[in-house]
Amino acid sequence: MADKVPLSVLLPDRLDSMAERVKSKMCEDEQVGGMKLAWGFVGTEIFNALKSVLDCDLLEILAKGWAQASVLADFADSGRHPPGERSVVELGAHDVSRELHPVIAITVGSCPCVELKFTFTVTANIGGVRLSILDGHIIGGDLGEAWAAGQLSYEGMPLHSAANSKKIGLPGEFGFTSPGIAIPRIGLAA
Amino acid sequence: MKIILATLAAAFVLIGPASAQSQGGAAGDTGAIETQAYPAPRKPDGRPAGTPKLRDQLLRGALDALLQPRPKRRPPEAAPPPVMVIPEPAAVIESPVEVPIQVTPEPSPPPSRPTSISVAPAVTPAAAPRPAIIPAKPAQPPRPDPRVEQAPTIEPAAAPPAADPPQPAPAVSVSPPPPIIEPAEPIATPVPAPSESAAGKTVWLLLGLLAAVAIAAAALYLRRARQIARTRAALSLHPSLDPLAGACSVSGLALAGPPLVIRARLDFGGALHG
């Protein structure tokens, strides 16, 4: 069983434009704008907070995408697939794209809190995957050739270029903690 | 010196032609200085050709200028530079002055002329410090001769002769200047000490510059550190992420094969005990 792959590994090593964006947003408040803050330090702290909040498992995110596929909706029906039945489903090549919205609430001194809502888009290209389903949950799987990349943006503007986006290979075998990733009864159309 | 020579030349011009006219063209006879024996020259029409009183006055004035002021100047100038400077120029200049000596045998000035001649070098003190260089011998001998030759050729008019005197003046001043440059070199050579001090100054300047840069960098660093500390104290972040929020899209998803269903069951068989 492979180790967990955190989403934060898809972030670039540094975000130079973070401080400027944050400053321009924060300085909308005159009180904050009047403070002589180390905006570079603020940008670094926000970047670290983003890393910490994106410390979730990449494969879990992908599995939630698979769980919503219609082809797996039947496995949520306990009538067709009674409890204890173990099913192995093999999926062909496909792409998964998932948007996440990390939010960072910033408070400077006694100034009112400012929430910065980022968008982190994860894109994965899956050559093929075999999923293990038990009791209406994805409990693990086995990936073929696969890679994933991420893009962080703020208010629709990317904070780094696509060239700086990391692209990583995904491990072959994976598993989730019990009971696994639940499959909704009515899956979304693929 | 120039003034003296000019006055002498003027006297020559005035006296020489006059005596030539009056005594039948004896160019070298300048005994006409004695105004008593001066016969009033006359023009062809019988009128007096010139004003003997005026000439006498000019001559006397020139002689006075030659004799009187020089002894007075000498003492102060001769005292400070008692060095060898004086003797050589005096000997050099004697030759040009010898011409007037031949001209005026009568007046007592012969003893005084050497003194007046010796004053000449004193007037040009700039050349004095280099006595050794004075071998400007070739320039001096030829010059007295042209003076003697020019004097008879000049017309008796009083004004033009004044233009001739400037010639001797350059002759005296020209000889000393060229060699002046040599003694300056040894003075410039012993300058290594200032170079060392200049190097020391540059080293100190560099050290000062480095210190200033270090101080500026430290000040900048401290300012930055203080600003960061202030920001850290005032800043608080609360990150959050809702994993269920956000759109998800799956494209091209399809079953690559029939699903494999595994149902495991454990049946307990009947008892074998009979």
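Contact here means heavy atoms within 4.5 Å. The model is predicted: local features need pLDDT of at least 70, side-chain atom pairs count only at pLDDT 80 or more, and totals for chains, interfaces and linings use all residues. Residues are numbered from 1 along each chain as its sequence is written, chains are lettered from A and ligands numbered from 1 in the order in which they are written, and side-chain values use heavy atoms, with hydrogens and water left out.

**View 1. The interface of chain B and chain A.** On chain B, 34 residues are in contact with 50 residues of chain A. About 3,500 Å² is buried between the two chains, and carbon and sulfur atoms give 61% of this area. Buried area is the accessible area (1.4 Å probe) that two parts lose on being put together, summed over both. Within chain B, the most area is lost to chain A by Leu237(B), Leu241(B) and Leu253(B), together 18% of what that side buries.

**View 2. Polar contacts and the elements of chain B that meet chain A.** Across the interface, 16 residue pairs are in polar contact, both residues at pLDDT 80 or more. A polar contact is a pair of N or O atoms within 3.5 Å; within protein, one must be able to donate a hydrogen and the other to accept it, and residues adjacent in sequence count only if both atoms are side-chain atoms. Helix 9 (192-234), strand 1 (235-240), strand 2 (248-251) and strand 3 (260-262) of chain B each supply at least two residues of the side that touches chain A. Helix 9 gives the largest share, seven residues. Helices (H or I, at least four residues) and strands (E, at least two) are DSSP runs, numbered from the N terminus. By class, this side of chain B has 20 nonpolar, 10 polar and four charged residues. Ala, Val, Leu, Ile, Met, Phe, Trp, Tyr, Cys and Pro count as nonpolar, Asp, Glu, Lys and Arg as charged, and the others, Gly among them, as polar.

**View 3. Strand pairing between the chains.** Strand 3 (residues 103-108) of chain A pairs with strand 1 of chain B in the antiparallel sense, over six bridges. Two strands pair if DSSP finds at least two bridges between them. Opposite Val103(A) stands Ser240(B), in strand 1 of chain B.

**View 4. Glu85(A) and its partners.** Glu85(A) forms a salt bridge with Arg263(B), the closest N and O atoms being 2.3 Å apart. A salt bridge is a side-chain nitrogen of Lys or Arg within 4 Å of a carboxyl oxygen of Asp or Glu. The count between chain B and chain A is one salt bridge. The side chain of Glu85(A) also makes a polar contact of 2.5 Å with the side chain of His81(A). Another, at 3.4 Å, joins the side chains of Glu85(A) and Ser87(A).

**View 5. His81(A) and Ser87(A).** His81(A) is found in the loop between helix 4 (58-67) and strand 1 (86-91) of chain A. Ser87(A) has its place in strand 1 of chain A. His81(A) counts as buried because its relative accessibility is 16%; Ser87(A) counts as buried at 1%. Buried means under 20% relative accessible area, exposed over 50%, partly exposed in between (1.4 Å probe, protein chains only). Not counting residues up to four places away in sequence, His81(A) touches Asp74(A), Phe75(A), Ser87(A) and Val261(B).
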